[in-house]
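Me: Hi! Could you walk me through this one?

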2 protein chains.
Amino acid sequence: MKTDTVFKRAFNDALDLVSDLADGEQLPSENRLSARLGVSRTTVRKVIATLAGRGIVDGGGRHRVVRSGGKQVRRFPEAETVPMGEQVERRFMEWMLRDNARPGMTINELELARQFGVATTGIREFLNRFQHYGLIEKRPNAGWVFKGFTTSFALELFEIREMFELRSARAFAALPAGSPLWQRIEALRQEHVALLGEIESRYHDFSDLDSRFHRLINSAAPNRFIDDFYDIITMIFHYHYQWNKHDERQRNEVAIREHLTYIDALLGRNVTIVELACRAHLASARDTLIKSTSGQDAGPGAVAPGVATGNAD
Amino acid sequence: MKTDTVFKRAFNDALDLVSDLADGEQLPSENRLSARLGVSRTTVRKVIATLAGRGIVDGGGRHRVVRSGGKQVRRFPEAETVPMGEQVERRFMEWMLRDNARPGMTINELELARQFGVATTGIREFLNRFQHYGLIEKRPNAGWVFKGFTTSFALELFEIREMFELRSARAFAALPAGSPLWQRIEALRQEHVALLGEIESRYHDFSDLDSRFHRLINSAAPNRFIDDFYDIITMIFHYHYQWNKHDERQRNEVAIREHLTYIDALLGRNVTIVELACRAHLASARDTLIKSTSGQDAGPGAVAPGVATGNAD
DNA sequence: GATCTGTCTCTTATTGGTAAAAACCAATGC
DNA sequence: GCATTGGTTTTTACCAATAAGAGACAGATC
């Protein structure tokens, strides 16, 4: 059976939406709600039906009005609104980065399925998508091997990242003065400055800003393979940051300053300076990541040794 | 139910293996056969049982002998030895490159499943893996869109390919004189010369040689993301060549000559010349590919126009 | 005493089936 | 006559079940 996370999330969103409406006001049309909530009309109707069942909307057909009179409505718990695929992803990343995973070990679909409480198909689908992140490998008819979040993984990742980012940064610097991207990067610069001002309290907002910044650079000369690769980066960093909180404020502050230098170089249109700033920033990001890798790769076919990660979490 | 393609292929291979043995000779041990055929002992035992059932091996337990006395054994048809995953891949590529597929059109899992005679899960699994080849895109809860084998796909593909290949070629040229790769490239050079000599009859052997050559270059400085990307190239070219036979001999001959120039440049260790030869070869490969793309991309959300592929096959 | 086979257990590949969600086709109202 | 809603059909997301294949553990054999 399909999960009804789509419905539950839509329902919660609808509650927020309705709470802005006065009592007795007309409910927007199904089509409108469908567009607003980002789901099909079928789901919208289910939401409205439930809303009606709880007395939040009244009347049928074309005359539905909001009845928000001080009612305390029960929302669906957050956990039930996240689709299975994402849940599997999260738990797998946790499992990999925090718990068991040793380079060279084999991954057992059935075991993960039991552990995560989903059918094997869900695990399979995830692993298949995850495969091209370069951390696991398939052995037909015999499961998967975890290749390890190792130093060479990080090095290889950053070699490509640097190639791509330099290429995009050059393209960005060469953009005509009239390009709308110049305004967007100016706006991002402001966001950086603002964040730096409140760094003490808001430092975990950096992750999102970081991603948006680098994607903007890449958009100067779009290439689907680069975008695709950047998904890997985003994923790795997203979970890496969640896991490794050590020195987070400090690290982010440094990164923001590097970004500002980088942005200013771009605004200055000087390719040499741009390359310098870009390289410097990536080098520091790389070093941070390397610090939390598990060291050596697995030997060919062999199970890895004890592995001293040096991580005193 | 799982398909038994593994067994059938192993059986056919075992027949070849046994036919080299004289009548009355001892059959190799299960372990040995397992290693030789690349399957588990479980499958080997099934093979032996079938072989025995058909009177090709005789005796049980530890004393099994071959009885090949002029028997005409029925092999399993080739088609039944190819695993479902591969079959889906082939048929999908056919479908995409030859038949229906128009940029912007939506892909229907259920329809493909019926058409290919497999369960939807098989299609799903394939599409998930295929996703990162950049030709399709997933719309959660609403199927997949075919983005089209367009000119911009080819251009984006080759932009990355050039970055990667130049980087690897430079690394190759900088290899120490003692590296075993120098011998391997020398050997590949010989193969090129040999193929050129018999180009009239053997021109379709180029595809394989091409792939091996570029992978050798890449192996000068291994990077899993580059390897991964090269899988895309290989796939595209594999099916592209099968589809577009136009001028094949001619094209391959040109490519071989370009390779030879490229190889000689590498052997000469002169980076400037290497880059020149590499760029020239890739440019010509790119132009060939572009000739068989479907022209424009799909507009945002719109279905593509009539599409004049200009392909007079 | 290492290799081989018989037996058993566990995992993977694949299939159908089912509820959720999307998409479609009228009919209706203003 | 266009947007809106009520029913219906199609498609996607998931699970449970099952045969094929891999791997482990003995006891048997030379």
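This is a predicted model: local features need pLDDT of at least 70, side-chain atom pairs count only at pLDDT 80 or more; totals for chains, interfaces and linings use all residues.

Me: Great. Which residues come nearest to DNA strand C?

Reply: There are 41 residues around DNA strand C, and those that come nearest are A:Ser40, A:Thr42, A:Thr43, A:Asn108 and A:Arg124.

Me: Which side chain has a polar atom 2.6 Å from a phosphate oxygen?

Reply: That is A:Thr43, facing a phosphate oxygen of DNA strand C. A:Leu110 uses a polar backbone atom instead, 3.3 Å from a phosphate oxygen.

Me: Which elements give two or more residues to that surface?

Reply: From chain A, helices H1 (5–19), H3 (41–53) and H5 (109–116); from chain B, helices H2 (30–37) and H3 (41–53). H3(A) gives the most, with four residues.

Me: How do the residues there divide by type?

Reply: Into 11 nonpolar, 15 polar and 15 charged.

Me: Switching topic: how many residues are in H10 of chain B?

Reply: It has 13, residues 206–218, and reaches 18 Å from first C-alpha to last, close to the 18 Å expected.

Me: Which of its residues are buried?

Reply: B:Phe206, B:Leu209, B:Asp210, B:Ser211, B:Phe213, B:His214, B:Leu216, B:Ile217 and B:Asn218.

Me: And what covers them?

Reply: The cover includes helices H7, H8, H9, H11, H12 and H13 of chain B.

Notes. Residues are numbered from 1 along each chain as its sequence is written. Chains are lettered from A and ligands numbered from 1 in the order in which they are written. Side-chain values use heavy atoms; hydrogens and water are left out. The expected span of a helix is 1.5 Å times one less than its number of residues. Buried means under 20% relative accessible area, exposed over 50%, partly exposed in between (1.4 Å probe, protein chains only). Contact means heavy atoms within 4.5 Å. A residue is near a molecule or strand if one of its heavy atoms lies within 4 Å of it. A polar contact is a pair of N or O atoms within 3.5 Å; within protein, one must be able to donate a hydrogen and the other to accept it, and residues adjacent in sequence count only if both atoms are side-chain atoms. Ala, Val, Leu, Ile, Met, Phe, Trp, Tyr, Cys and Pro count as nonpolar, Asp, Glu, Lys and Arg as charged, and the others, Gly among them, as polar.
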